[in-house]
Amino acid sequence: LILDPLTLRGRELLKCSEQLDGIVGEWDFRHTDVDEEHQIADMIEGPALVPPLEGLDDFAGADVIVVASDGWSSRHEHLIAHLDDSPDTALLDLVGFEKLRDRTTPSIGDVGPESRQFRVAHPALFATSRVVEVLSHLGALRGSLAVVDPASAYGREAIEILARQATQRIQGAQPADRIHGHILAFNSVGVESDVLQEDASLILPNLPLAVTRNLSSSFHGHLAHLGLSFERRVEPGDVRDVLAQAEGIEIESLPISLDSVPDRDEVVVTPPSLSPDGTQLALTMMADGLRVGGALTAVEILEALI
């Protein structure tokens with residue numbers, strides 16, 4: 001059962017759903033908008049109706065509940081009531097809602113036996129895990145991660161608001177609408193990173209990592225700047241050789257544009273830069289976060305849950 005399949009996250013998951021053929025016997029849908037109208041989802045086999053979430057009976061027969069909503073509404077209280085009544089329900093939160101954090105475990109695709117309720121970890125943590133997995137063979141690591149999120153991280157409405165903000169600022173007007181309280185057009189905003197820091201410690205428990213988070217004026221494409229420290233000198237050739245072995249990582253020559261990452265299945269990484277003493281490494285990672293570290297990660301989790 002997918003809640004809100006017509007959001008950006010929901011649509012991306014449906015685009016990847018063919019990878020679950022033979023695993024998922026049947027998809028069901030509900031939306032959490034406050035209106036009572038039915039919606040229509042485009043599936044590979046044809047259109048499907050998306051009625052509103054009305055009550056606990058809507059969860060009957062669902063093996064897994066997937067939350068793809070852009071925002072929290074009163075209809076989500078039915079989900080909370082269902083989880084209270086059936087705490088062992090398999091749940092996958094694509095958004096990372098605060099009201100579900102106490103119930104879910106962050107995942108980059110790995111699923112442990114101790115839980116049946118997960119949230120898809122931030123795309124930057126997915127990308128960092130792939131890089132660190134291979135670089136750790138060169139020695140112990142510690143570092144910092146500066147995450148830069150686009151408007152699409154907040155859904156379709158945020159993209160529309162960003163476009164209006166840009167038009168209003170060009171005209172010299174003060175934008176009337178905000179994206180989570182912020183004006184992002186031609187702007188960058190530093191925001192709290194405590195949640196991301198907590199998830200980083202759970203996803204990468206062996207890597208001391210300081211995390212910061214910014215919101216950008218980009219429409220699509222997640223970006224993160226990763227800095228790593230080695231205990232001893234490493235050689236540039238060794239770094240490039242091990243990075244080339246990282247699954248899902250593509251090192252590209254400069255310049256690299258964020259516009260090039262939508263709909264790609266890889267994390268695009270800049271050529272690594274080393275300090276003169278060979279102990280400090282810096283690189284920039286870019287990805288379509290709705291897909292990489294998003295829907296594709298969700299597919300891996302669903303394969304393990306079903």
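Axes here are lines fitted to C-alpha atoms, for helices over the stretch in contact, and angles run from 0 to 180 degrees between N-to-C directions. All views show a predicted model, in which local features need pLDDT of at least 70 and side-chain atom pairs count only at pLDDT 80 or more, while totals for chains, interfaces and linings use all residues. Residues are numbered from 1 along each chain as its sequence is written, and side-chain values use heavy atoms, with hydrogens and water left out.

**View 1. Helix 3 packs against helix 6.** Let's start with helix 3 (123-135) and helix 6 (residues 236-243), whose axes lie 9 Å apart at an angle of about 125°. Helices are DSSP runs of H or I with at least four residues, strands are E runs of at least two, and both are numbered from the N terminus.

**View 2. Side chains meet where helix 3 contacts helix 6.** Helix 3 brings Val 131, Val 134 and Leu 135, and helix 6 answers with Val 239, Val 242 and Leu 243; contact means heavy atoms within 4.5 Å. The contact has six nonpolar, no polar and no charged residues.

**View 3. A cavity is lined by residues including His 122 and Met 286.** On a 1 Å grid over the protein atoms alone, a cavity is a set of points where a 1.4 Å probe fits but cannot get out, and lining residues have an atom within 4 Å of a point. Helix 3 returns here, giving two or more residues to the lining, as do strand 12 (222-230) and strand 16 (280-287). The lining has eight nonpolar, two polar and no charged residues.

Key:
1 Å grid on protein atoms, 1.4 Å probe; cavity = no way out; pocket = protein on both sides within 12 Å on 5 of 7 lines; lining within 4 Å. Nonpolar A, V, L, I, M, F, W, Y, C, P; charged D, E, K, R; others polar.
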